[in-house]
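Trainee: I'd like to learn how to read contacts and packing in a model like this one. Could we go through it together?

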Amino acid sequence: CHVTLSDHPRTTRLLAKNVEMNRKNWESKGSKVKVEALDWCDDSPNAAAILQKWEKERFNLVCASDVVIWPELYDPLIRVLSSLLERGGSSVYLSYEQRKKSSEKEFFQKLNSKVPGVSITKIEAKDLHPDYQSSELHLYLIGSGPIDENPKNGDEKTT
């Protein structure tokens, strides 16, 4: 599989170090892993070029963890997710630890209103492997259009 890992420019150096430390694990399986920085709030041509490149790559799967913590970042995050979902064929798994129920609800309301045709499916803890079940952690499957609530694993790209 081909994997793209992304984070804020301040943290990609550490992310790249972790990728390098695990090189033998993913190379032995024939996988390719790359690290790319993206600041959701960056409206520069460089950031726009990264998003355009990602749109063309058509990620099968996007995993986003703990990204709904700061309400001031909801609009930039939704802009990035919308860009990735726009062409179809992508699904987003979004997970987070519940901190402020009202602001997290606001995120999903904004996502629903700003991304036409988006589907948002909550994956219940009881449906997860017992090792990953927690009442404090929430997992959603987000897509553009109808989503199979029981997605199959396959060749996946993540960011």
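This is a predicted model: local features need pLDDT of at least 70, side-chain atom pairs count only at pLDDT 80 or more; totals for chains, interfaces and linings use all residues.

Mentor: Let's start with a salt bridge, meaning a side-chain nitrogen of Lys or Arg within 4 Å of a carboxyl oxygen of Asp or Glu. Here the side chains of Arg99 and Asp66 form one, at 3.2 Å from N to O. Arg99 sits in the loop between β4 and α5 and Asp66 in the loop between β3 and α4, so this pair, 33 residues apart, links distant parts of the chain. By this rule there are 10 salt bridges.

Trainee: In what order do the strands of the open sheet run?

Mentor: Helices (H or I, at least four residues) and strands (E, at least two) are DSSP runs numbered from the N terminus, and two strands pair if DSSP finds at least two bridges between them. In this case 4 strands make an open, mixed sheet in the order β3-β4-β6-β5. β3 (61–65) and β5 (118–123) are the edge strands, each pairing on one side only. β3 pairs with β4 (residues 91–97) in the parallel sense over 5 bridges, and Ser65 stands opposite Ser95 in β4.

Trainee: At what angle do α4 and α5 cross?

Mentor: Axes are lines fitted to C-alpha atoms, for helices over the stretch in contact, and angles run from 0 to 180 degrees between N-to-C directions. The axes of α4 (residues 74–85) and α5 (residues 101–114) come within 10 Å and cross at roughly 40°. That makes α4 oblique to α5 (under 35 degrees is roughly parallel, over 145 roughly antiparallel, 65 to 115 roughly perpendicular, the rest oblique). Contact means heavy atoms within 4.5 Å; among the residues making it are Tyr74 and Leu77 of α4 and Phe107 and Lys110 of α5.

Trainee: Which residues join α3 to α4?

Mentor: The axes of α3 (residues 45–57) and α4 come within 8 Å, crossing at roughly 35°. Leu51, Trp54 and Glu55 of α3 meet Arg79, Val80, Ser83 and Leu84 of α4.

Key:
Residues are numbered from 1 along each chain as its sequence is written. Side-chain values use heavy atoms; hydrogens and water are left out.
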